[in-house]
Amino acid sequence: MKRRRRRLLRLAVPVFVALLLTVSLPWLWTTVGARGHVHPAAQAPTADVVIVLGTAVTEDGRLPGVRLAGRLETAAELVRSGKARVVLVSGDGAGQSGDEPAIMAAHLTEQLGVEPQRVVADPNGLDTYDSCLRARQVYGIERALVVTQSYHLSRAVTLCRHVGIDADGVTARCSGCGTGLLVRKAARDYLASGKAAWDAVRDRPPAVTSPADPAVSDALTR
């Protein structure tokens, strides 16, 4: 009986390791794909456009949540420092908590001093993949900085680069992001990398298809 258990254990260990490696492949893909393309705001390269990815707004649907506010503050800093000229805010315009892109645009222009003509809103960036794909296909963006928190950044950069954007990630401020929250978010992103890889492998079309929109190129000419 003991020998049988030892044999089973010897078999179980390599099987477990193989399964763990298989499950981790999407996460490794996002991590390796973003290597060399993630920067703190102070060391960010330049690009005409900065893409801000949406996330939760406040419960009353009127203001950006803490993490979203951090992303917007970082984007505004990039514009003020001359590292970007136009901001594309991309999120869910019909989200449960509110219209993410509208709230993002208002916060940038009314609270952070970004000129309205420099802000373009995409209300159909329903997830990270959609935001990247629509930025490329609908708004014609070929080069961009992508702003989000550290736990999300590698996946976002890798997806944007996969769909044809020469993307560099910029780590957003994360006020109130304690260790526990960062661990939970990192675990969630580890799992989300599987969906990201599957979307990329099958070239999933965006959830909402739209004709080409010149709003970003128009903003760059102003």
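## Basis and overall organisation

Contact means heavy atoms within 4.5 Å. On that criterion, residues 24 or more positions apart account for 75% of the contacts in the chain with a separation of 6 or more. This is a predicted model, in which local features need pLDDT of at least 70 and side-chain atom pairs count only at pLDDT 80 or more, whereas totals for chains, interfaces and linings use all residues. Residues are numbered from 1 along each chain as its sequence is written, and side-chain values use heavy atoms, with hydrogens and water left out.

The secondary structure comprises seven helices and six strands; helices (H or I, at least four residues) and strands (E, at least two) are DSSP runs, numbered from the N terminus. Read from the N terminus, the order of elements is α-β-β-α-β-α-β-α-β-α-β-α-α. Of the 222 residues of the chain, 44% count as buried, where buried means under 20% relative accessible area, exposed over 50%, and partly exposed in between (1.4 Å probe, protein chains only).

## The sheet

The six strands form an open sheet with parallel pairing, in the order β1-β6-β5-β2-β3-β4. Its edge strands are β1 (38-39) and β4 (119-122), each of which pairs on one side only; two strands pair if DSSP finds at least two bridges between them. Strands of a sheet pair through backbone hydrogen bonds, either parallel or antiparallel.

β5 and strand β6 (residues 166-171) pair in the parallel sense over six bridges, and Val146 has Gly169 of β6 as its bridge partner. β1 and β6 are likewise parallel, pairing over two bridges; here Val38 stands opposite Gly169 in β6.

## Helices on the sheet

Helix α2 packs on the sheet and touches β2, β3, β5 and β6; its direction makes about 175° with that of β2. Helix α5 also packs on the sheet, touching β1, β2, β5 and β6, and its direction makes about 170° with that of β6. For these angles, axes are lines fitted to C-alpha atoms, for helices over the stretch in contact, and angles run from 0 to 180 degrees between N-to-C directions.

## Nonpolar cores

A nonpolar core is a set of buried Ala, Val, Leu, Ile, Met, Phe, Trp, Tyr and Cys residues joined through side-chain atoms within 4.5 Å. The largest has 26 residues, and those with the most contacts inside it are Val50, Leu72, Leu78, Val87, Val89 and Leu108. Two or more residues are given to this core by each of β2 (49-53), α2 (66-80), β3 (86-90), α3 (100-111) and β5 (143-148). The largest share, six residues, comes from α2.

Leaving aside neighbours within four places in sequence, Val89 is in contact with Val52, Leu72, Pro101, Met104, Ala105, Leu108, Val119, Val120, Ala121 and Asp122.

## Helix α4 and its surroundings

Eight of the 10 residues of α4 are buried, so this helix is largely enclosed by the rest of the structure. The buried residues are Thr128, Tyr129, Asp130, Ser131, Cys132, Leu133, Arg134 and Ala135, and they pack against β2, β3, β4, α5 and α6 (179-201).

α4 and helix α5 (residues 150-162) pack at an angle of about 35°, with their axes 9 Å apart. The contact is made by Thr128, Tyr129 and Cys132 of α4, together with His152, Arg155, Ala156, Leu159 and Cys160 of α5. By class, five nonpolar, two polar and one charged residues take part in the contact of α4 with α5; Ala, Val, Leu, Ile, Met, Phe, Trp, Tyr, Cys and Pro count as nonpolar, Asp, Glu, Lys and Arg as charged, and the others, Gly among them, as polar.

Arg136 is found in helix α4 (residues 128-137) and is partly exposed, with a relative accessible area of 25%. Not counting residues up to four places away in sequence, Arg136 touches Ile141, Glu142, Val163, Gly164 and Ile165. The C-alpha atoms of Arg136 and Cys160, 24 residues apart along the chain, are separated by 8.3 Å.

Asp203 is found in the loop between α6 and α7 (215-221), and at 55% relative accessibility Asp203 counts as exposed. Its phi is near 50°, a positive value in a residue other than glycine. Most residues other than glycine have a negative phi, and most peptide bonds are trans.
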